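I opened this notebook to keep track of what I looked up, entry by entry. The entries follow the order in which I went through the chain.

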Amino acid sequence: MSQAETPAKPCHNCRRQRLRCDRSYPHCNKCTNAGKECLGYGKLFRWTGAVASRGKLAGRTSSAPVTVEGGAVAATSELFASSGHSPSDTGSMSASSSPESGNCPPTPPLASRAATPESMQLVSSRATSVEKELKTPYILVDPIYQDLGDSHRYYLSYFTNRLCKDLVSHDVPSENPFRTLLPLTKAHPLLQYIIVAASAAHMSNLVRAPLPSIQEDRMIAFNRENASRKALQDALVAKNKALRLMHAAVQDIDVIGGDVALAAALFFVNVELIESGKHGWRAHLEGAGRIMSLLEPTASSDNSLRNYMLSDCFIYFILGSAFMPIKFQTKSYFEASQIPSILERAAANSYLCCPPIIMQILHGASQLSNMQGDATSPAEIEAVGLALLQQAHSFDIVAWANDARTVSYLHGIPIESRIHAGSAHRLAACLYILQAVPAVGAAVGPEFGQALSRDIYEHLASIPDDDPNFKATTWPTFIVGAEAADEEQQKWVMDRLQRLVVNCPWGFLYTAMETLPVIWGLDKEKKSRGWIQTLKDPDMNFLLV
């Protein structure tokens, strides 16, 4: 094509993402620079369900069945078929989103198809009922993925249909930046394997999550355990391959691109969090910090995916620092001065639903906690701690919550629950300061901490399980749980954590449920120095988000 014959329309990638295309031929430079596979300017061909009119296949559709023999897909499909229950009978698992019940992902409802980019459509089902959907083979929709194995196609589809929902506060398919990672998986096996590992581990937890609403017999429990184990095996295999590819990738990051390397590092941390949140996350987070230091600056409006990835890395760094001695903390790749500007870029739809200023205060309190016994005088530590407490306690959560409505696709979000979630985080930060800096707790008295706990309980109880902000309440639930003094409060906290596991099946929640009894069982001598100091034991070393 000559210069005079410049394409009349933008490339397919830019059109889908509503970006300005430079219309260079044969590939758009914007796609090439971003590490994406440019789909060009011509027609896109997709498999359809056309019926053959002649030959040996007369009367049959052109869609070949997709089966995964012996895989987690088949195992999870049999799970509900053998139980006699439909996914809608399982509490948090709905028929409209069968990946949540461990089954093959359904065709998106008509109302959402227009908003979902075509590149996200991996598989589609012709099932007309829940029962058929559990047994009907799935067909390939987008030919860009036709060379992938059945298992990988399934887990990548599970990523877009289920796991992506956990990565933001309010999931809008066309606006969730993590879904834009999917087209990159074809060109970057590293990204493909680590996303498959995260999806398979997530599915393993989801299948084995407690379901109090169902009385299971032994066969159902056996099928559930079998499906969970198989998905976990798939996760470990994919994770091992991703680790090998990551080792090669970090030798020369320019080959795969900084954003792809950062995405892989972030999802290595996510895999650790999905598995248990213990130990392994710290090395991957430090690696992400090193990659971040190599990235060239970009305008906040030009790359929403990078903004969300940077924000998540900083959130993990801050929350990881809260229960870690300073000598084990991640190196200075994460600068405290960058916290507000980095977190603000994704604050409106961050999965954590916590104001950036509260995160900055929390980081300051964790650093202050590690200064006990240093050259800094106790009076100075107390003064700084009291200032942090006052700043957190007086923060205007209502104004912060309403700021999210300035984002066009978030104008209909539940503001009331956002206020409750943000308030719970604000008060939990205050409780953390009282424990992290004992001088502050002594200065304000025990009644102040008890009042904070009562307010947190009220805010948490005001967020229903089916609210999108319910999953954002893990941190305040754990903090108020650590302060729980009587058996009734402790039971309430454990019950809420179990419901969170069903809603958001990440393994760090199981770790939280294992850790709280340890805190409750501390003798009076250890409690006098604060449970936060106990959690800073290197043997604990867990990340709670």
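Where does Arg18 lie? I found Arg18 in the loop between α1 and α2, where helices (H or I, at least four residues) and strands (E, at least two) are DSSP runs numbered from the N terminus.

Before going further I noted that this is a predicted model, in which local features need pLDDT of at least 70 and side-chain atom pairs count only at pLDDT 80 or more, while totals for chains, interfaces and linings use all residues. Residues are numbered from 1 along each chain as its sequence is written, and side-chain values use heavy atoms, with hydrogens and water left out.

Entry on the backbone. I looked up the phi of Arg18, which is near 55°, a positive value in a residue other than glycine. Arg18 is exposed, with a relative accessible area of 79%; exposed means over 50%, buried under 20%, and partly exposed in between, with a 1.4 Å probe and protein chains only. Pro26 is in the loop between α1 (12-17) and α2 (29-33), and the peptide bond from Tyr25 to Pro26 is cis, with omega near 5°. I kept both notes because most residues other than glycine have a negative phi, and most peptide bonds are trans.

Entry on Cys353. Cys353 also has a positive phi, of about 55°, although it is not a glycine, and I located it in the loop between α14 (339-344) and α15. Is Cys353 buried or exposed? Cys353 is buried, with a relative accessible area of 0%.

Entry on α15. I checked the length of helix α15 (residues 356-369): its 14 residues should span 20 Å at 1.5 Å a residue, and its end C-alpha atoms are 20 Å apart, which agrees; the expected span is 1.5 Å times one less than the number of residues. The helix is mostly covered, since 10 of its 14 residues are buried, including Pro356, Ile361 and Leu368.

Entry on the annotation. An unreviewed UniProt entry annotates residues 10-38 as "domain: Zn(2)-C6 fungal-type", and I noted that such annotations may be inferred rather than shown by experiment. Over residues 10-38 the chain is 38% helix and 0% strand.
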